Each structure stands twice: as C-alpha cells, then as structure tokens.
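I opened the notebook to keep track of what I look up in this structure. The entries go from the whole chain to single residues.

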Amino acid sequence: MATRDIYETGFDEDVQTESSGNQCPECDGHVTTKVKETVCEDCGLVIEEQRLDHGPEWRAHDADERERTGAPLTAARHDRGLSTEIGRGTDAHGNELSGQKRRRLARMRREQTRGRWRSKAERNLAHGLGEVRRLTSALELSDTLRDQACQLFRSAQNEDLLRGRSIEAMGAASIYGTGRCNQHPLLLEDVVDAARVESTRVTNAYRTLNRELELPAPPMRPTSFVPRLISELGLDHDIRRRANELAEHAEGTALTNGCQPSGVAAACVYLAAQEQGALITQSTVASAAEVSVVTLRSRRDELQAI
C-alpha cells in the first residue's frame, strides 16, 4: 500500500487547490480549497473549515493580560532574556511572603547568581551589556539603538577587543559608535559624562572598534545637530528653518572640511537667532553645543564670509 493511501494529504496555505471531493454534496458543483475553508464555487456551500489557527499564540487568561509566550528574545542581555528571575517580597498573586520564605528566596537568589555564568567571558558580557543598558537609559536613547549597541559590544568581545581595556569604556564606545552609524546627534562628551570614564579611554576604545570592526560610520553633518540645539535652547520654528538652510549651505561648501560639525551647527543657530531678533548669547549656544566660544565665533565669521 502506498504512503499516500495511509496519510491524509494537506494543502498549501497560499495556493488554491482542488479538494479531495470533486463534487459538491448539494449541487454537484466544483469544489476548491482556499486559504481558510473548502467551498463550492457554484452555490457557495462551506464544506469544511480549516482547523489550524495561524494567529499569534498570545492569550489573556486574567485581568493582567498575561501572555503564554513570554517576553521576546533580546540582544540586551547576555542570555538573550531567557534567564529566570526570582521574586523578593511577594508571590505571583501579590501576597506578602513570610520571613521564612523570604530568607529561602534570598538563598535561592544567591545560588542562582553564583551559577548564572558559565565562564568569566560570559560574566564580562553580562557586566558590559548592563553598562550599555544603563547608559542608554541615562542618555534617553531608543531601544533600537540600545540593541544595536549591545550587538556591537558582543562583536567586540568575540573579536577579543576587550583584552586590556575597560569594560565601561568599551560599552560607552559601543553606544557612541552606534550613534555615529545611525547619524544620531550624540556628542562624545555626553557619553563620557554618563559613563563616568575618562575621555581618553572612550576615545581609544572607539578608535579600536572603528578600526578592527570597520564600522560604517559616515561623517557627521551639521544639519544633524541643529534640531538638538534648537530643542535645548527653546527656540522657535522659524529659527530652526533658517538654521537648517544655513547648515545645508555650509555643507555644500568647503567650510565643514576639518571642522567640528557641532561647532558649525552652533554658528548656524546663532546666526539664525540674530536674524530673527532672538536674545541669546554666544556662551549659551556654545555651552549647548559643547564647544568653546572661540570656535563658535570663528565658524560664525566663516559663515558670514560665504
């Protein structure tokens, strides 16, 4: 006996095929099997419905809208988010635990912490990814940048770039490199202040990442820093539009060659504010752009010259 005579044959979900029954039991019409059901093309009789549910596996079993699948995998944790977390003072229903059970949970957490990492490299990875998550939260970056920075830190560890370097500095360099690759107006000084690491260490770590991993980091443009400066200084839309025009005009010339893009953006914002009659000082704009007043004044003179 052939195998096709033993097992039932299925159908492709996206292709319309003929059913095993050639005729409709009601009108003897032509029967076809579509994505969801088996119907008669002549009278429209539904002969059989598809029993497979191709929707998501999420189901709400109580008022808290709990899901069967759990949290998705994430690159922000060393175990992709598959670790078990032991509670502290309450159980799953929110009830207070007794002192004996709390002490038992404390001992369980201690043993779990000791056996969580299989090697020293995995422990360093967990520490580095935790630092990346802390920095992205302090800098108010998006989850997309956080996941990309965590993946960059993983790549750095796989290439053995952490040897002889600070984990905190490499985590900060991963965030800065991710921001550069995505044209995010992120200043190195902001990352250094949030990381609490020396600027030279973060700079050296970023240079190592850029050289060894060949990061696709294009040169930063002054137009990327204009919205940030306008938001920090609280200026209106007209000044932002004029500053963007000045920055785009500066990018079309040789003014931005070898110049700090945040300094050029600060000069564009200051000139636009002067044209609109806004009362703002050079030191205020320079402080928001993390540049000196001399740099702002030099870029302003060059812009006025062209």
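Entry 1, Asp 301 and its partner.
I noted first that the model is a predicted one. The side chain of Asp 301 meets that of Arg 300 in a salt bridge, 3.1 Å from N to O. I then looked up Arg 300: its relative accessible area is 15%, so it counts as buried, because the cut-off for buried is under 20%.

I stepped back to the protein chain and found eleven helices and four strands. The chain has 306 residues, and buried ones make up 36% of them. I looked up the accessible surface, which is about 19,300 Å², with 45% of that area belonging to carbon and sulfur atoms. For contacts between residues at least 6 apart in sequence, I noted that 58% join residues at least 24 apart.

How many salt bridges does the count come to? I wrote down 13.
I picked out Asp 147, which is bridged to Arg 146 with the closest N and O atoms 3.1 Å apart. Asp 147 is partly exposed at 27% relative accessibility. Arg 146 is also in the partly exposed class, with a relative accessible area of 21%.
Next I took the salt bridge between Glu 251 and Arg 221, where the closest N and O atoms are 4.0 Å apart. This pair links distant parts of the chain, the two residues being 30 apart. Glu 251 sits in helix H8 (residues 237-251), while Arg 221 sits in the loop between helix H6 (199-212) and helix H7 (222-233). I have Glu 251 as partly exposed at 24% relative accessibility, and Arg 221 as partly exposed at 44%.
I also found a network of salt bridges that links Arg 241, Arg 242, Glu 245 and Glu 275.

Which residues gather in a patch of positive charge on the surface? I listed Lys 101, Arg 102, Arg 103, Arg 104, Arg 107 and Arg 110. I followed up one of them, Arg 110, and placed it in helix H1 (residues 99-114). Arg 110 has a relative accessible area of 38% and is partly exposed.

Is Thr 33 buried or exposed? I have Thr 33 as buried, since its relative accessible area is 6% and the cut-off is under 20%. Thr 33 belongs to strand E2 (residues 30-33). I also checked its separation from Glu 49: 16 residues in sequence, and 9.4 Å in space from C-alpha to C-alpha.

Gln 183 is not a glycine, yet its phi is positive, about 55°. I placed Gln 183 in the loop between helix H4 (167-181) and helix H5 (188-195). Its relative accessibility is 25%, which puts Gln 183 in the partly exposed class.
Where is Glu 290 found? I located Glu 290 in the loop between helix H10 (282-289) and helix H11 (293-305). Glu 290 has a positive phi of about 60° and is not a glycine. I have Glu 290 as partly exposed, at 35% relative accessibility.

Technical notes: Residues are numbered from 1 along each chain as its sequence is written. This is a predicted model: local features need pLDDT of at least 70, side-chain atom pairs count only at pLDDT 80 or more; totals for chains, interfaces and linings use all residues. Side-chain values use heavy atoms; hydrogens and water are left out. Buried means under 20% relative accessible area, exposed over 50%, partly exposed in between (1.4 Å probe, protein chains only). Contact means heavy atoms within 4.5 Å. Accessible areas come from the Shrake-Rupley method with a 1.4 Å probe; for residues, only the protein chains shown count as cover. Patches are made of residues with over 30% relative accessible area and no salt bridge: like charges are joined within 9 Å, nonpolar side chains (Val, Leu, Ile, Met, Phe, Trp, Tyr) within 5 Å. Lys and Arg count as positive and Asp and Glu as negative; His and the chain ends are not counted. The place of a charge is taken as NZ of Lys, CZ of Arg, CG of Asp or CD of Glu.
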